[in-house]
Every structure is written in structure tokens, then in C-alpha cells.
Amino acid sequence: MAQLWGGRFTKETDKLVYNFNASISFDQKFYRQDIRGSIAHVTMLAASGILTDSEKDQIINGLQGILADVEAGTLKITDTYEDIHSFVEANLIDRIGDVGKKLHTGRSRNDQVALDMKLYTRDEIIEVKSLVFSLIKVLHQLMKDNTDTYMPGFTHLQKAQPVTFAHHIGAYMEMFKRDYSRLCDIFDRMNYCPLGSGALAGTTYPLDRELTASLLDFTGPTLNSMDSVSDRDYIIEMLSAFSTIMMHLSRFSEEIIIWNSNEYQFIELDDAYSTGSSIMPQKKNPDIAELVRGKTGRVYAALTSILTTMKGIPLAYNKDMQEDKELTFDAIDTVKGCLALFTGMISTMKLNMPVMEKSAMNGFTNATDAADYLVNHGVPFRDAHGIVGQLVLYCLDKNISLLDMSLEEYKAISPVFEEDIYQTISLEECVSKRNTIGAPGANAMAQVIAINEQYIKDIETA
């Protein structure tokens, strides 16, 4: 059992205790980050006069050799080591001898693991940002392609008013733009280097923490050594942002599932993102959307877990904080997989535009506009509301839409109606005259699409 400690102890740790305490089974993910952090650390130690240049070069060459061998598969990370830190240091000493023992000068496993976790989650935030941005670009294209694709808008899952598919998709566009912004904020806030904080109270060595931070592409060093080793706010923030992303994906998935159903038939999912039934040959199930919806709970669980773990921990480092990793790793993998698959699913789905338009027409989504027509002809709104309610009841009884009624039928309920009612309550008119910014009208949508076009360009050229 390779450990970085033991001088204080008179007998070996019980094997069960050792296994319970060990983290190598999951923190081996950090081997790149651990080696990168160690190279930066010894570079700083040499620059600060704590190591010689010869010692620095030997250590860095040894570390680079370990990295190359792990990547090539010729050096295995096994559970004979307590954690990734002991794996790297033990192998370094085996390769270069006693000079390898100087690697840990001015450093503790507490600030080392804090660094590794930050480096790892920082890399993963960049990957998730890229995936969210890919989804944003697909949504943008769907908006541009469907500014005149009419469909019902809903409240309470009841047809409410006509919108366009571009407008509906635009709602999710705004959600994922906020998600992207949150990830940027979290990256900026977390991007301070904890290395050099020691166990909790710094070190007596004259470390150049600004140099270490610069070597590792951090904005600067953290400013309190106790907070540095015990801070997991950035993980909580990241998992909170991931939970919001998954909530948005889950809401969208729910709509995909509804739209894909036999009753709606608004869309057809590509075969590559659907599955069949082992017994019912006619089935084409929206399994990807259902799995995205289901996996949301896994990410929520990771957030709840770390919040619960951190709530009662006194300063500074405590072993409880080792529980920050496994569920976080699972949440990261879940979010990345869901974003990639969801983006592929919606980029390949086909819209059934005639069905969507017919659904809007048959759902009385133009009833509000019929009421507005009466108001514009001098009828008080409350009276107009009641008159249109009578129209709807009449249509339900006859199994027709408002556009199917004859002018005589309209006038039988209210003599105010004239021939221009048909133009007023057409789907095109209902949508096109709503042109305040954020509404579904063509002019308003063109303005929003142009804003989104610039938003995407700004990110791509940043």
C-alpha cells in the first residue's frame, strides 16, 4: 500500500480502513492535472531558488515520462496506491531516485487535490460550454428556417394562441444562452489557483504563488489558504448550472415526446435517435428524449449530495470533502452525453408543418384575436370575451373552426362581425401583427434572429 505518510504510525493501516479511505479508484482521472500541477510547482520552486535547475529538470523529465507511459498504457494506475498523488510521487521516486522526494516541497495533499479538482472541472466546463454552444447554433438554424411555420402555443398544455415554430424554439434559445452565460461566470469566478496554500496555513518556503498561477493559466492565486483548501463552491455552482441545463433539456424533451406522439404528430424523430419495441412492430419510441428527461435526476442528486456534504464541515480541510468527486464525475459525463445526443436528435428531426398548422386552426388559438376584433369595433372587452365564448361553443357543437363559420353564423351571434373577420383571425394575421420585441411576428423575429446571429458571431470570434 503506497502512502505519502506513515512516520507517525507504529503499525500498518487495516486493509478495510485503507480501502475505505483510498480514492485512487476515482481520482485517477486526475493524472494529467496532477502531473501538470506538479510540473508548474517544481518550475516555480526552481525559479524561487528552492530547487536547483538540475533538480527541476530531472523531476520534470520524470513526470513527463510517467505521463507518456500512462497515456501509452504501459504504466497502469492500480489500487496499490492510495490516491493519484501517491501514484505519481512513488513512480517518480522509483525512476529518478531521492531527488523525486523534493517534488512535494512547500505543498500539501490538501492544496494539491484542490488544484487537481479545479483544473479538472475547469477543463470540463470548457467542454460543456462547447456542447451548449453547438446546441445554440442548431436552435438558431431552426429559428431561421421556421419563421412562417405555424403551430399552437400552449398554456396549461391547452392550445392558447398561434405562434411559429421559430418563436417556440426561441424560448429554448434564450434558456441555453443563459446556461452558456452561467458557465462563463462560473469559470471566471473559480479561476484562481489554490496551490501554495499548504495544508491550511501556507508554508515557510518563499513560494511565488503568482508564478504558479500564471503557469497554470489562472487569473491569480487564491487569497486565503484556509478557504483555498476547503472551498468547493465552484463545484456547487457548476452542478447547479448543470442541473439548470438538464432541467431545460428535460422540458424540451417532454415537448419532443408529446410532439412525437400519435395524437400530435408535429414531428418525426430520425431512426438513429429512436428505438423499437421487442413485441410491437409498429413502435418508434423517443428513447433519447426519455433518457435525457430521466437522467436529469442523476445531476440533481449530485448537487444535493455535495450541498449536504459541505453543510456541516468546519474549516479547513476534512476527509468528507473526498465525496466531492464521484457524483460530480458522473454528472459531468451525464450532461455532456445528454447535450451531444439531444443536439443530434433535434438537428435531424422532421417537422410535420401541415399538421402543426391545422392543430393551431382547430384549437381556437385565434379566439383572442376575434375578441380584439370586437373591441376594435367598439364592443367592451368583457362583452367581447363573452361573445367569442359563444362562438367557441357553437363551433364545438358543429365540430368546425372559427374560420369555417359563415358570416351569417357570425352575425347571428353578434351583428358587429363583417367580412374582414376572416382576415383578422387567419393564423398569418394573428402572428404577423404581434411585433413587439420578443413576440412571434415576422419583424420581431427578424430582429431577434439578427441579435442571435451577432451573439453567435461574437462567441466564435472571441
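Start by selecting residues 150-155 and 158-164: these are strand 1 and strand 2, which pair in the antiparallel sense over six bridges. (Strands are DSSP runs of E with at least two residues, helices are runs of H or I with at least four, and both are numbered from the N terminus; two strands pair if DSSP finds at least two bridges between them.) Before moving on, note that this is a predicted model, where local features need pLDDT of at least 70, side-chain atom pairs count only at pLDDT 80 or more, and totals for chains, interfaces and linings use all residues. Residues are numbered from 1 along each chain as its sequence is written, and side-chain values use heavy atoms, with hydrogens and water left out.

Now click on H156, in the loop between strand 1 and strand 2. H156 has a positive phi of about 60° although it is not a glycine. H156 is exposed, at 75% relative accessible area (exposed means over 50%, buried under 20%, partly exposed in between, with a 1.4 Å probe and protein chains only).

Select F154, H168, Y172, E255 and W259, which lie nearest the centre of the second largest pocket, lined by 15 residues. (A pocket is an open set of points on a 1 Å grid over the protein atoms alone, where a 1.4 Å probe fits, with protein on both sides within 12 Å along at least five of seven lines; lining residues have an atom within 4 Å of a point.) Strand 1, helix 7 (165-190) and helix 10 each supply at least two lining residues.

Follow helix 10 (233-260) to the largest pocket, where helix 10, strand 5 (267-268) and strand 6 (350-351) each give at least two residues to the lining. Show N260, S261, N262, I267 and K284: of the 19 lining residues, these lie nearest the centre.

Next, jump to T105, in the loop between helix 5 (84-96) and helix 6 (109-145). T105 is buried, with a relative accessible area of 17%. The T105 side chain reaches the backbone oxygen of K102 at 2.7 Å. Leaving aside residues up to four places away in sequence, T105 touches H41, L45, I50 and Y205 (contact means heavy atoms within 4.5 Å).

Two backbone stops remain. L315 and A316 are joined by a cis peptide bond, omega about 5°; A316 sits in the loop between helix 11 (287-310) and helix 12 (326-348). Finish at N399, which is not a glycine but has a positive phi of about 60°. N399 is exposed, at 71% relative accessible area.

Notes: A polar contact is a pair of N or O atoms within 3.5 Å; within protein, one must be able to donate a hydrogen and the other to accept it, and residues adjacent in sequence count only if both atoms are side-chain atoms.
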